[in-house]
Amino acid sequence: MQPIFKEARRLLGKGEPFVLATVVRTRGSTPQKPGAKLLVRSDGSAVGTLGGGCIEADVWAEAKEILEEKGGPQVRSFFLNEEIAAKDGLVCGGNMDILIDPLEQQPESSLLIEEILAAYQGKGDRALATLVMGKGKVKNGAKLFIKADGTTVGTLGDEALEQKAVEAALEMMPKGRDRWIETKEGKLFVESFTTPPTLVVAGGGHVGKALYTLAKFLEFKVIIVDDRPMYANKERFPEADAIVIDEYDRGLRGLDLTPNCHVIVATRGHKLDDIALAEAARSRAGYVGLLGSKRKAVMIYRDLIRQGIPLERIAEIRAPVGLDLGGRTPEEIAMSVMAEILALRYGGGGTPMSLDSGMLEKAQQLASKPQRKAPVVAGL
């Protein structure tokens, strides 16, 4: 999302109009999830995506109309039915609500964008509550900006609604989550902004190197901790956000491990794993994983219990870490670890998504119906 907000800051600085479209609610299977954004400039060019296809084309057209007529925020609902499928050649079968917002027309826009970018830069969590559909005098699109200490800027026009927004924001901010809130006072979309997810790798060996490469590709911040300068250096990890050369316990203790941090313990030995894992377990890290066998995990769990680590915290540790993909190489192991992290971050089950027999029967029923010809698209 950072490129979108950076472009918004650039356009605001130049006084150029633009519209920011945001997916605020989805039901069922959709091409994008809440929080996805598309910025449309006055010349028709755009940054970001809402999933492509005719939905994005419709939003783009409406954004252009708002820019030309200087209109206000609007909410569009899209039902991904067979008609849309015929246009785009796919079936999602869900619904999407999209807020189309001429953000530049609001006087607090520059402040909001700067605060959001500050959150991405690690200067504290923020959240933004947007009134999607409200009652009373405040127009749709009204915004309440919420900082990590609970202070706010702006108004939603209803004290009870603002209180609900603040409560939701304080709960979601540490992990960068979003939430749809629907009450008798109105409908809200609350989105939180924090630093990009951080991967902390305790151990700069082969698996640590593979984890670093894949995590950077997935736009994670990566911190390497190792007590060996020959493994913890810029030559080996040129794009690491930080490299800590220290004993594992002291090195991890010196980091500000937040719920948005994912610590993988992959040192060169059982004793060092024990030391690193105990320190990670004492931290606020939202995800702690241990590389190795089940027998090794049991032995280290025993040591953690003896050290007084609460059983509830030990139960949260992912050991052995990763999904069972059957891989063996460092790169394959790294893939299984990052797959598990992504599944937990986005609420995925980590199971195959292939169709079951019931869906196959549905496909057979559809195949028996007259075929609808899709329109010919030039250039395809």
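How many bridges join strand E1 to strand E2, and which way do the two strands run? Five bridges join them, and E1 (residues 18–27) and E2 (residues 37–41) run antiparallel.

1. Ground rules. This is a predicted model: local features need pLDDT of at least 70, side-chain atom pairs count only at pLDDT 80 or more, and totals for chains, interfaces and linings use all residues. Residues are numbered from 1 along each chain as its sequence is written, and side-chain values use heavy atoms, with hydrogens and water left out.

2. The sheet. Five strands make an open sheet, ordered E3-E2-E1-E5-E4, with antiparallel pairing. Helices (H or I, at least four residues) and strands (E, at least two) are DSSP runs, numbered from the N terminus. Two strands pair if DSSP finds at least two bridges between them. Strands E3 (46–48) and E4 (74–79) are the edges; each pairs on one side only. From one strand to the next, the twist averages 20°. Angles run from 0 to 180 degrees between N-to-C directions, and axes are lines fitted to C-alpha atoms, for helices over the stretch in contact.

3. A helix on the sheet. Helix H1 (residues 2–14) packs on the sheet and touches E1, E2 and E3. Contact means heavy atoms within 4.5 Å. The direction of H1 makes about 25° with that of E2.

4. Two crossing helices. The axes of H6 (residues 206–217) and H11 (residues 330–346) come within 8 Å and cross at roughly 55°. That makes H6 oblique to H11, because angles under 35 degrees count as roughly parallel, over 145 as roughly antiparallel, 65 to 115 as roughly perpendicular and the rest as oblique.
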